[in-house]
Amino acid sequence: MGTLSLAERLMKVDRGDMTAAKKMEVKAPTLSEKLGEEVKITLHSISGAAYAEFGRMAQNKKGETDPSRAYDAQAMMIAEAIEGLDVKDPELQRHFGAETPKDLVKILFPGGELVKMANVVGYISGFLSAEDAGLDDEDLGLDYKSVKN
């Protein structure tokens, strides 16, 4: 009996393992400051089709990236990828004066926080390298201080 082909080995892998969303926790600085304790938000990967659609939303009619449209698209991406916080909850939206999940995300994770979170989604979805996503070793859970030489 020889070695198994790649197809044969793949047939032994659970399909759910192959399609399961990847997840990553990120610190939410503004929420942490407002609540007086560290708040971490879990983000999950999104499909290639969804990622491409958010990219398309960021473009103007000429096909060029428009920064204000890009920020809106990133907010919508976070609204789709966030776990453990229901940004679609009408009561939570009303409390913060947000009309949509996108608006609530912009309030809870202002400016660069939102952009960094969108980059994390790009990274865990396989579209950005850690470097392009602005992630460092600490973000990736790598602790070189504990390594002894």
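Trainee: What should I know about the numbering and the rules of counting?

Mentor: Residues are numbered from 1 along each chain as its sequence is written, and side-chain values use heavy atoms, with hydrogens and water left out. The model is predicted: local features need pLDDT of at least 70, side-chain atom pairs count only at pLDDT 80 or more, and totals for chains, interfaces and linings use all residues.

Trainee: What is the average pLDDT of the chain?

Mentor: pLDDT is the predictor's confidence in each residue, from 0 to 100. The chain averages 88, and 91% of the residues score at least 70. Residues 143-149 have a pLDDT below 50, and beyond near neighbours in sequence this stretch has one contact in the model (contact means heavy atoms within 4.5 Å). Where pLDDT is low, the predicted coordinates should not be read in detail.

Trainee: Why is strand β2 called largely enclosed?

Mentor: Strands are DSSP runs of E with at least two residues, helices are runs of H or I with at least four, and both are numbered from the N terminus. Buried means under 20% relative accessible area, exposed over 50%, and partly exposed in between, with a 1.4 Å probe and protein chains only. Four of the five residues of β2 (residues 40-44) are buried, so the rest of the structure largely encloses this strand.

Trainee: What makes β1 and β2 a pair?

Mentor: Two strands pair if DSSP finds at least two bridges between them. Strand β1 (residues 23-27) and β2 have five bridges and run antiparallel, so they pair. In this pairing K27 stands opposite K40 in β2. Two bridges join β2 to β3 (residues 82-83), also antiparallel, so that count meets the definition as well. There, T42 stands opposite E83 in β3.

Trainee: Which residues have the most contacts inside the largest nonpolar core?

Mentor: A nonpolar core is a set of buried Ala, Val, Leu, Ile, Met, Phe, Trp, Tyr and Cys residues joined through side-chain atoms within 4.5 Å. The largest one has 31 residues, and I41, L43, V105 and F109 have the most contacts inside it. Among the elements giving two or more residues to this core are β1, β2 and α5 (67-81). Helix α8 gives the largest share, six residues. Leaving aside neighbours within four places in sequence, V105 is in contact with A75, I78, A79, V87 and L114.

Trainee: How do you know that E83 and K23 form a salt bridge?

Mentor: A salt bridge is a side-chain nitrogen of Lys or Arg within 4 Å of a carboxyl oxygen of Asp or Glu. For E83 and K23 the N to O distance is 3.2 Å, so the pair qualifies. E83 lies in β3 and K23 in β1, so the bridge ties together parts that are 60 residues apart in sequence. K23 is called exposed because its relative accessible area is 52%, against a cut-off of over 50%. E83, at 26%, is partly exposed.

Trainee: What separates E53 and R56 along helix α4?

Mentor: They are three residues apart, about one helical turn. Their closest N and O atoms are 2.5 Å apart, which makes a salt bridge.

Trainee: Why does the salt bridge of D72 and K102 tie together separate parts of the sequence?

Mentor: D72 and K102 have their closest N and O atoms 3.8 Å apart. D72 is in helix α5 and K102 in helix α7, so the joined parts are 30 residues apart in sequence. Salt bridges with shared partners join D72, K102 and K106 into one network.
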